[in-house]
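Subject: Structure handover and notes

Hello,

Please find the structure below, followed by my notes on it.

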Amino acid sequence: MQGVLQSKGLLSLPSNPRTRASLLPPPLQGLRYRYNHVINPILKPGLPNGSSLSLNGFSKFQGFSTKPQLVGQKSRNYPICRAEAAAAASAAAGGGDQPKLLGVEVATLKKILPLGLMFFCILFNYTILRDTKDVLVVTAKGSSAEIIPFLKTWVNLPMAIGFMVLYTKLSNVLSKEALFYTVILPFIAFFGAFGFVLYPLSNYFHPTALADKLLNTLGPRFLGPLAIMRIWSFCLFYVMAELWGSVVVSVLFWGFANQITTIDEAKKFYPLFGLGANVALIFSGRTVKYFSQMRQSLGPGVDGWAISLKAMMSIVVVMGFAICGLYWWVNNNVDLPSRSMKKKEKPKMSTMESIKFLVSSRYIRDLATLVVAYGISINLVEVTWKSKLKAQFPTPNEYSSFMGDFSTATGIATFIMMLLSQWVFNKYGWGVAAKITPTVLLLTGVGFFSLILFGGPLSPALAGIGVTPLLAAVYVGAMQNIFSKSAKYSLFDPCKEMAYIPLDEDTKVKGKAAIDVVCNPLGKSGGALIQQFMILTFGSLANSTPYLGGILLVIVLAWLGAAKSLDTQFTALRQEEELEKEMERASVKISVVSSTDETGNNGSLTAESALNSMGGDSSSAGPSSPRSA
């Protein structure tokens, strides 16, 4: 017995171990009773291997084990404990410790490492594409930053809806692996073709003369809409780059990651993917910076931006094929976890139902205000900043070089903020964390619009430090975008998701559905619609800048008010939840004390009461009866 237990690594045993044999009727009634008596159902579990009674009268289950005997010694059955039986069963089923590397199972690393590399390649490409799309549409001849609001509303949104309809139909007829390749390969082919075919030949198929004629007829306020027609191939690149972020990152990658990982693996490794994303942002920013400076080493008359674009699109294509290769390897070398076939019903709310639910709850209204205010604020500032960025860096190479530095700085700031976010939550709580993002937007927004509106009076002071008002506005706007985005990823998004936790299940589910249906699209398109109205009303983005600054101030103040109100409600719900937990724990203690008073013996239930609870009075059934056992 002792040798067996030591071999299993057990440290201690119960002081009075009871064998399962003691639960059988005692042998005083004769061997005939022992062999022929009907076994109590408690002692006859339905084992999958169909075990039956052994010749010595004991059931063949984990309570007993036959030990190897010496020659001539009779075979005996020794009682063993549950831990030994479980270990033996696990060994028999082929279980045991999986091989590990650096404390992680090798089977898990075979999934996580390729997923991490896929995520790195996808976001590396996305940073290059995001910086390049802005360079193309903002610095193109006959275009400006005013094109962006119209492009997002009238081109990007319809194509995104059409793509998702097509994706839904393809998902019904193709396997998951075929669907992945069917979606990602056209992206790779387009970006390769754009760098080597579409951009070099763009002067031959862009309707420049028609756009100039219409612009002279309609006036400069229609510069943005007409620029979409003038540089339609660049606008197509802009939309495809936007779709890469929403389709390849959100749909393809995260859908595949959720398919092959378990919940425990996701809790452990998904946060690391977020840190890896910022590392990819840093490296891709350096890559954009390097290729954007190639113009300095080229001779006169050479289109440096065309050469830089070919180099960056070549990297995008290579990374795209690397993503496909990693996806193929995982599908052919990793065992997928088994999933439950039971589908969880999700609440489907129409737009009107979502609006009614938003209006009915103050808590959800405040949460919706946070989401809408962020979407509008970041769009109002970003487009205005990009218009000043073009004025300071008019050539594509200069513009792209600055965007490379911007992406690197954003990655570094977000990485640091993610490391500090847990400390902010622990030390200052949800309310302070929720107010950091709008406070950053407010302070930097005041500085940015002040430099634009009052650049003349500030020129002497700025000249003393060697910068112009335009350059100072560009740097302050860059700081605003960097810190607001890093605060969004590290603080705003976690705060938004945490706000759902203390709600009851019905409000939690319906509130999230309402915000996803109404507030996310409204926040993204609201800023673009406001800018379109201002441009068409005042003639240009520059003329509408003072009014955009005033709108931004009102929206951020409403954001801060909603965050303060939500903090009060969130704290009250948390305190109520904690109080309920304390009451539940107190009720459990009271019931335990009551049971102790009834049973006696310092709270330990007697064997007699335990037998009674199993279905009978001990006074009416003797201890040897099957019922009491």
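The notes below go from the whole chain to single residues.

This is a predicted model, in which local features need pLDDT of at least 70 and side-chain atom pairs count only at pLDDT 80 or more, while totals for chains, interfaces and linings use all residues. Residues are numbered from 1 along each chain as its sequence is written, and side-chain values use heavy atoms, with hydrogens and water left out.

Whole chain

The protein chain has 20 helices and 4 strands. These are DSSP runs numbered from the N terminus (helices are H or I, at least four residues; strands are E, at least two). Of its 629 residues, 41% count as buried. Buried means under 20% relative accessible area, exposed means over 50%, and partly exposed is in between (1.4 Å probe, protein chains only). Contact means heavy atoms within 4.5 Å. Among contacts between residues at least 6 apart in sequence, 77% join residues at least 24 apart.

Helices α5 and α6

Helix α5 covers residues 147-173 and helix α6 covers residues 176-198; their axes come within 10 Å and cross at roughly 145°. Axes are lines fitted to C-alpha atoms, for helices over the stretch in contact, and angles run from 0 to 180 degrees between N-to-C directions. The crossing of α5 and α6 is right-handed, that is, the near helix is turned clockwise from the far one by less than a right angle. On the α5 side the contact involves Phe 163, Tyr 167, Leu 170 and Ser 171, which meet Leu 179, Thr 182, Val 183 and Phe 187 in α6. By type, the residues of this contact are 6 nonpolar, 2 polar and no charged. Here Ala, Val, Leu, Ile, Met, Phe, Trp, Tyr, Cys and Pro count as nonpolar, Asp, Glu, Lys and Arg as charged, and the others, Gly among them, as polar.

Single residues

Ser 361 is in the loop between α13 (351-360) and α14 (362-392). Ser 361 counts as buried because its relative accessibility is 16%. Its side chain reaches the backbone nitrogen of Ile 364 at 3.3 Å.

Leu 420 lies in helix α15 (residues 396-453) and, with a relative accessible area of 41%, is partly exposed. The C-alpha atoms of Leu 420 and Ser 490 are 8.5 Å apart, although the two residues are separated by 70 residues along the chain.

As for cysteines, the structure holds 0 disulfides (pairs of cysteine sulfur atoms within 2.5 Å). Cys 235 is buried at a relative accessible area of 3%, and Cys 495 is buried at 2%.

Regards

Notes. Polar contact = N/O pair within 3.5 Å; in protein donor to acceptor, adjacent residues only side chain to side chain.
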